[in-house]
Amino acid sequence: MPSARGTGGSATQAKAGRKRGTGKGAGARTVTRAGQSLEHRMLLTATMCLLAFGAVMVYSASSATSLLQGGGYGGSYLIKFAIYGGVGLVLMRVLARDGVAKVHEITAPLLVGSFVLVLAVHIPHVGVSINGARRWIGPGPFQFEPSELMKLALVLYTATLLAKHPRQVHDLRALAKPLLLVVGAACLLVFTEPDLGTAMVIAFTVGAMLIAAGIPPQKLGLIAGTVLGLVLIYAIARPYARARLTSFIDPWAHASSTGFQAVQGQIAIGSGGLFGVGPGQSVQKIFYLPEAQTDFILAVIAEELGVVGVFALLFLYGLIAYAGLRAAKAARSLYSALIAVGVTALIVSQAVLNAFAVLGLAPLTGVPLPFVSYGSSSLVVMLAAMGLLLNVASGATGHVRAVAPTRRARSSKTGSRSSETRPGAAAARAGSADARPREPARWGDDGNDEEDRDRRRRDRGARGAGARGGGRAAG
C-alpha cells in the first residue's frame with residue numbers, strides 16, 4: 001500500500017503536469033516554456049509570416065505600375081502598407097493583453113457607429129465611389145471602408161447575444177428578433193453599396209458562430225436556404241450582380257468586358273506553373289491585371305512563385321484555422337469561445353472566398369486576402385481581430401452574465417426543495433449563489449474536468465459554510 005506522502009507527491013506532480021498542458025484530454029491547452037500556449041504562438045507566427053509575405057508581394061505587384069505612373073518612384077503602396085500595418089500591430093498588441101475582458105463594454109457603440117458609417121457611404125459628397133462601387137468615406141489617402149468595421153462589430157455582437165441567451169439557438173423566433181434582424185439589416189446595407197462579398201463573409205461568419213453555439217442542423221438549414229434564396233433573387237434583380245455571376249460561369253465569353261479581370265487572373269496562374277517565373281517577374285501585373293495589389297494579388301503570387309507559393313500561403317491560413325479552433329475549444333467561457341470562432345471564421349472565409357474567385361471557382365466579389373492584400377481598412381481591422389483571438393488563445397477570462405431564469409421558474413424550483421425548512425437555508429442559498437458559475441457551459445465536454453471539479457468543490461464549501469453559520473445563529 002503506498003504511503004500518504006507518496007500519494008500526495010504523485011497527485012501534486014499530476015496536477016503540475018496538467019497545468020503545463022501535458023494532459024491529453026480534448027481541449028487541453030499546451031503551454032510552452034515561455035508561458036504562452038501553443039495556439040498563441042502558432043497564431044502569432046502565421047500572422048507575422050503573412051504580413052511579411054504581404055509586404056513583399058504588395059511591392060512586387062504595385063511597383064511597376066507605380067513607377068510608370070508616378071514619375072520614377074514605385075514604393076508608395078509598400079510605404080502605406082507598412083504604415084497601416086504598424087497601426088494594426090499596435091491595436092493587436094493592446095487587444096492581445098486583455099481585449100476580450102474590455103471589448104464587451106464598447107460592443108454596442110461599435111455596432112451603432114458601424115451602421116452610421118455604412119449609411120454615410122450613401123450620402124452625396126461623403127461617400128466615395130470607385131469603379132462603380134460606393135464603399136468608402138474620407139479624403140484621399142485617409143479613405144476608410146466602414147463595412148470592414150461592421151464585420152468585427154457583428155462578431156462581437158453575436159458573441160455577446162449568444163452568451164447571454166444560449167437557449168435562443170433552439171427557437172428561431174427568439175433568435176430572429178435580436179440577432180437575425182440586425183445581421184440581415186447589415187447585409188442589406190452592404191448589398192446596396194454594392195458589396196456582395198462582404199455580405200457573404202458576414203453570413204458565413206455568423207453561421208459558424210451559430211454552429212458553435214449549438215444550433216440544430218434543421219434550423220441552420222432553414223436559415224441557410226432562406227439566405228441563399230434572397231441572394232439569388234438579388235443577383236437576378238441587380239444588373240451589377242447579374243453581370244458578375246454571368247462572367248463567373250463563362251469568363252472567356254466576356255473577356256473584353258465583365259470577364260476581363262477573371263481571364264487575366266487565369267492567364268497569370270497558368271503562366272506560373274509549379275515554381276513560378278520568379279519574384280518580381282510577373283507580366284500580368286503590368287496594366288493587364290486591374291488592381292493587382294488588392295483583390296487579385298493571389299494571381300501575382302501564383303505567376304511569380306507558382307503552385308508552391310500558393311500552397312505555402314494557404315498553409316498559413318490553415319494554421320490560423322487550426323489554432324483558432326483549438327483556442328476556441330480550450331476557452332474558459334462561452335463568450336471567449338464564440339469570439340474565437342467568429343474571428344477565425346472571419347479570416348478564413350475571406351481567404352477562401354478570395355482564393356476561389358481568383359481560381360475561377362466563385363464570382364468576383366472584391367474580398368481582399370487577409371494580411372496580404374493592400375487595403376488600409378481591412379489590414380487594420382483584421383489585425384485588431386487577431387489581437388482578440390490571441391487574447392483568447394492566451395487564456396482570456398472574459399465573461400458575459402447569462403440571463404437569469406424567470407421568477408415563476410425560480411419560485412417553482414425553490415418551492416420543491418425540502419431543505420428550505422431547516423435553519424440556515426437562506427444563508428446557504430446566498431453562499432451558493434455567489435459561488436455558482438456566472439454563465440452556462442460551452443457546447444460540449446472539452447476536457448476541463450479539473451476546473452469543473454474545483455468549481456463543484458467551491459460550491460459545496462460555500463453551502464456548508466452557509467449552513468453552519470445559519471445553525472449557530474439559530475442556536
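Student: How many cavities of 30 Å³ or more are counted?

Tutor: This is a predicted model, in which local features need pLDDT of at least 70, side-chain atom pairs count only at pLDDT 80 or more, and totals for chains, interfaces and linings use all residues. Residues are numbered from 1 along each chain as its sequence is written, and side-chain values use heavy atoms, leaving out hydrogens and water. A cavity is a set of points, on a 1 Å grid over the protein atoms alone, where a 1.4 Å probe fits but cannot get out. By this rule, the count of cavities of 30 Å³ or more is one.

Student: How much space lies in the largest cavity?

Tutor: Grid points are joined across faces, edges and corners, and a volume is the space filled by probe spheres set on the points. For the largest cavity this comes to about 30 Å³.

Student: Which helices each supply at least two residues of the lining of the largest cavity?

Tutor: Lining residues have an atom within 4 Å of a point. Here they are Lys151, Leu154, Val155, Ile202, Thr205, Val206 and Leu346. Helices are DSSP runs of H or I with at least four residues, numbered from the N terminus. Those that each supply at least two lining residues are helix 5 (146-164) and helix 7 (196-213).

Student: Is serine 147 buried or exposed?

Tutor: Serine 147 is found in helix 5. Buried means under 20% relative accessible area, exposed over 50%, and partly exposed in between, with a 1.4 Å probe and protein chains only. The relative accessibility of serine 147 is 0%, so this residue counts as buried.

Student: Why is strand 2 largely enclosed by the rest of the structure?

Tutor: Strands are DSSP runs of E with at least two residues, and strand 2 covers residues 133-137. Strand 2 is largely enclosed because, of its five residues, the number buried is four.

Student: Which residue in strand 2 is the bridge partner of glycine 127?

Tutor: Two strands pair if DSSP finds at least two bridges between them. Strand 1 (residues 127-130) and strand 2 are antiparallel and pair over four bridges. In strand 2, the partner of glycine 127 is isoleucine 137.

Conventions
1 Å grid on protein atoms, 1.4 Å probe; cavity = no way out; pocket = protein on both sides within 12 Å on 5 of 7 lines; lining within 4 Å.
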